[in-house]
Amino acid sequence: MITLKPRFEISPLDSPQEFRSSLGEWFEKVGKDYPWRRTSDPYAVLVSEVMLQQTRIASVLGKGYYTRFLQTFPNLQSLALADDTLLLKAWEGLGYYRRARMLREAAIAVLQKHNGIFPETAHELLALPGIGHYTTAALMAFSFKKPSALVDGNVSRVLARLMDDAEPIDSTHTIRKHRDWSVHLCDPIRPDRHHHAMMELGQNICMPQRTICFECPVSKFCKCSHPQSLPNRKPRANTSGIDEHAIWARDPAGRVLLNCENGSRRRGLWKLPLRTACECSDLPSIYQANYSITRYKVTLYIYNAIDAPITLQQGDEWIDETRLNSLPFAAPFKKALGKLLADF
């Protein structure tokens with residue numbers, strides 16, 4: 001699609017009030033009605049912000065993660081007391097499970113250190129487990145209605161294009177610069193509306209691969225003549241390919257052999273037991289799938305070991321089929337398990 005060249009008339013940094021007004025009026029007309037935009041409860045806001053990190057809005061809404069999580073853990077107390085199985089099951093499918101545990105740690109800290117009341121200063125919020133600059137800024141604006149430097153990927157892209165900033169947006173210098181710009185532009189009267197509007201602009205108008213400049217409410221502030229050329233990023237690490245080999249086994253009682261992960265990334269999640277390629281070399285292959293995790297592209301191979309001798313390893317356990325729906329699984333293994341249960 002051909003992008004119309006924006007007309008740079010006024011710098012948003014020199015005319016923040018006019019910029020805020022144009023942006024805010026647009027948002028009042030077109031802003032999406034997300035459930036987390038209907039509340040200022042800091043607990044609900046915290047859950048939404050942590051959940052939306054590295055997860056698309058469509059996934060969170062379409063599969064009901066946000067609503068279901070709050071139904072399972074309606075307050076700080078219920079989350080603080082949650083065991084790993086229940087917590088990870090509520091988070092199942094969202095990935096990056098460390099977020100769920102850090103959310104629980106933050107709930108515990110608010111209860112123990114602040115008598116169950118969220119602190120309202122950036123310094124105290126940043127001291128909570130797992131709460132960084134972005135989440136702090138979100139709580140300050142959306143819960144406490146205070147100006148803040150809220151910059152996510154959408155906002156950083158919008159700022160880079162507005163200011164024709166070619167520096168990598170993931171560099172330390174640019175991150176700080178964009179936070180400075182963000183707090184300078186923030187509406188001190190309605191910071192919540194302002195930040196929602198900035199994110200909405202990046203989600204629906206100033207998108208990564210497509211821009212709709214003729215519909216942009218702040219196009220006259222935009223200095224960038226080729227918006228789709230920005231933002232720039234630092235070179236990414238090369239992607240590595242790795243193989244995983246897992247076995248499928250059931251005992252005479254119909255129980256399934258599973259393994260509870262004890263590593264740092266997927267601790268507490270269940271999967272089919274992994275074995276070396278050599279250990280699986282004589283077994284028939286029954287399933288293959290590909291998935292990505294961080295900088296790795298994984299090919300998962302599963303082998304039929306129902307009639308093979310099996311030596312249990314650490315974390316392996318025979319699980320009755322009636323328990324399977326209550327256990328949290330890593331997404332690739334949950335998909336595989338569903339297929340194998342139907343076929344075997």
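The structure holds 22 salt bridges, a salt bridge being a side-chain nitrogen of Lys or Arg within 4 Å of a carboxyl oxygen of Asp or Glu. This is a predicted model, in which local features need pLDDT of at least 70 and side-chain atom pairs count only at pLDDT 80 or more, while totals for chains, interfaces and linings use all residues. Residues are numbered from 1 along each chain as its sequence is written, and side-chain values use heavy atoms, with hydrogens and water left out.

**Stop 1: Glu28 and Arg190**

Select Glu28 and Arg190, whose side chains meet in a salt bridge with an N to O distance of 2.9 Å. Glu28 sits in helix H1 (residues 16–30), and Arg190 in the loop between helix H11 (172–185) and helix H12 (191–204), so that the pair links distant parts of the chain, 162 residues apart. Helices (H or I, at least four residues) and strands (E, at least two) are DSSP runs, numbered from the N terminus.

Glu28 is partly exposed at 45% relative accessible area, and Arg190 is partly exposed at 36%. Here buried means under 20% relative accessible area, exposed over 50%, and partly exposed in between (1.4 Å probe, protein chains only).

**Stop 2: Asp84 and Arg104**

Next, select Asp84 and Arg104, a salt bridge whose closest N and O atoms are 2.8 Å apart. Asp84 lies in helix H6 (residues 84–91) and Arg104 in helix H7 (residues 98–113), so this pair ties together parts 20 residues apart in sequence. Asp84 is partly exposed at 24% relative accessible area, whereas Arg104 is buried at 11%.

**Stop 3: Lys271 and Glu261**

Move to Lys271 and Glu261, where the side chains meet in a salt bridge (3.0 Å, N to O). Lys271 belongs to strand S3 (residues 270–271), and Glu261 to the loop between strand S2 (256–260) and S3; the two are 10 residues apart. Lys271 is buried at 7% relative accessibility, and Glu261 is buried at 18%.

**Stop 4: helix H13**

Select helix H13, residues 331–343.

Colour the buried residues Pro332, Phe333, Ala336, Leu337 and Leu340. Viewed down the axis of H13, they fall within an arc of 125° (taken from the directions from the helix axis to the C-beta atoms), so they line one face of the helix. The face turned away from the buried side carries the exposed residues Lys335 and Ala342. Among the elements covering the buried residues are strand S1 (240–248), strand S4 (274–275), strand S5 (285–293) and strand S6 (296–304), with contact meaning heavy atoms within 4.5 Å.

**Stop 5: the sheet**

Show S4, S1, S6 and S5, which in that order form an open sheet of 4 strands with mixed pairing; two strands pair if DSSP finds at least two bridges between them. S4 and S5 stand at the edges with a single partner strand each, so one side of each has no neighbour in the sheet. S5 and S6 run antiparallel and are joined by 8 bridges. To find one of them, select Ser285 and its bridge partner in S6, Tyr303.

Bring H13 back into view: the helix packs on the sheet, touching S1, S4, S5 and S6. The direction of H13 makes about 160° with that of S5, where axes are lines fitted to C-alpha atoms, for helices over the stretch in contact, and angles run from 0 to 180 degrees between N-to-C directions.

Definitions and conventions. Expected span 1.5 Å × (residues − 1).
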